[in-house]
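Dear colleague,

Please find the structure below, handed over for your own work. My notes on what was found in it follow.

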Amino acid sequence: MILQNDLLLRTARGELTERVPVWMMRQAGRVLPQYRAVRERAGSFITLAKTPELAAEVTIQPVDAFDVDAAIIFSDILVVPEAMGLPYEMIESRGPVFPETVRNKADLSRLRVADAESDLGYVLEAIKLTKKELNGRVPLIGFAGAPFTIFCYMTEGKGSKTFSVAKKLLYTDPDFAHALLQQITDSTISYLQAQIRAGVDLVQIFDSWAGILSPEQYQTFSLPYIKQICDLISDVPVTVFAKGAFFARHAIGQLSCDVVGLDWNMDPHESRQLIPDRVLQGNLDPCVLYADFTQIRAEVKQMFNAFGHQHYIANLGHGIYPDTDPDKARCFVDAVKEM
């Protein structure tokens, strides 16, 4: 299918473009009242994510509402551990919870490397439906969590500020940690390759908890596994977004990825020096969208002054917050396009 708007893909491939593309992490979500209506109809987050027709519907909503340059498939990074044999629950006001955890080598026997086609077929079907409904309007982004981030949830059992249980295992049982990380990596590679076969145009790896590791631990327990993924994904551009890992920017730029995502604590000028040969993505603080329209436009202008107008994808430095006024989100997108 020929894309009517391929700006994001051309930018990700390193081509010079007529303007900077823009999309927002978590753009398909609670910020939109039409999403909340579909979520209520589904009855639960997990039901929504596992119903391809509904997942496709909410994936397309921000394309209609904000006129962004890409859609990102509505799903969750924790579908991978569930496909490996560790189901989770999404509890209102608490977030994801795993009734069982994996914390030693004996626990590994309960897991399997996920079969993407059978275990995650509902995501693949949602991708196919979304591509059909988009009809070439914009590219569709697929994604997965980075192995270390998934490791955190599988061992901790829930969200955490410190993930001290997960980090403890890196020190006390590194052999177990590496074995689990490899299983997650193998599952993730299979999953992303299946997403590409289903039709996604670009994939993003989210290392949401990268920032809790020391630089040495990141080199040992995260980067090698992300490298395996990048080395085996060549059909579409790959973005790596490691939140909080400011210390790893140069190393991430050495991976066989195309785009490096930055959070709002990562200076664009410094990042260009550390990662001269990759497209950069980011990095407006999501809290800027609480400001008035004039300030949002001023902050976007400042962001452009730092990043420049080429080899750059405009985005937030993390996901958009659910209580953001949709008109402010639209202001951000429009301001990028006006630049």
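**The annotated spans and helix H8**

In this predicted model, residues 141-157 are 59% helix and 29% strand, with end C-alpha atoms 28 Å apart. The span belongs to the UniProt annotation "domain: Uroporphyrinogen decarboxylase (URO-D)", taken from an unreviewed entry, which also covers residues 21-30. Residues 21-30 are 0% helix and 0% strand, and their end C-alpha atoms are 23 Å apart.

Helix H8 comprises residues 147-156, and ten of its ten residues are buried. Among them are Pro147, Thr149, Phe151 and Glu156. Glycine 157 follows H8 and has a positive phi, near 90°.

Phe151 is one of three residues, together with Tyr218 and Phe332, that touch the most other members of the largest nonpolar core, a set of 133 residues. Helix H10 (residues 174-198) gives the most to this core, contributing eleven residues. Leaving out residues up to four places away in sequence, phenylalanine 151 touches Ala166, Leu169, Leu170, Phe176, Ala177, Leu180, Leu181 and Ile184.

Threonine 155 also lies in H8. Its relative accessible area is 0%, so threonine 155 counts as buried, the cut-off being under 20%. The side chain of threonine 155 reaches the backbone oxygen of cysteine 152 at 3.3 Å. Beyond its neighbours within four places in sequence, threonine 155 is in contact with Thr101, Val102, Arg103, Val165, Ala166, Leu169, Phe176 and Leu180.

With kind regards

Key: Residues are numbered from 1 along each chain as its sequence is written. This is a predicted model: local features need pLDDT of at least 70, side-chain atom pairs count only at pLDDT 80 or more; totals for chains, interfaces and linings use all residues. Side-chain values use heavy atoms; hydrogens and water are left out. UniProt positions are given in the numbering used here, feature names are shortened, and annotations may be inferred rather than shown by experiment. Helices (H or I, at least four residues) and strands (E, at least two) are DSSP runs, numbered from the N terminus. A nonpolar core is a set of buried Ala, Val, Leu, Ile, Met, Phe, Trp, Tyr and Cys residues joined through side-chain atoms within 4.5 Å. Buried means under 20% relative accessible area, exposed over 50%, partly exposed in between (1.4 Å probe, protein chains only). Contact means heavy atoms within 4.5 Å. A polar contact is a pair of N or O atoms within 3.5 Å; within protein, one must be able to donate a hydrogen and the other to accept it, and residues adjacent in sequence count only if both atoms are side-chain atoms.
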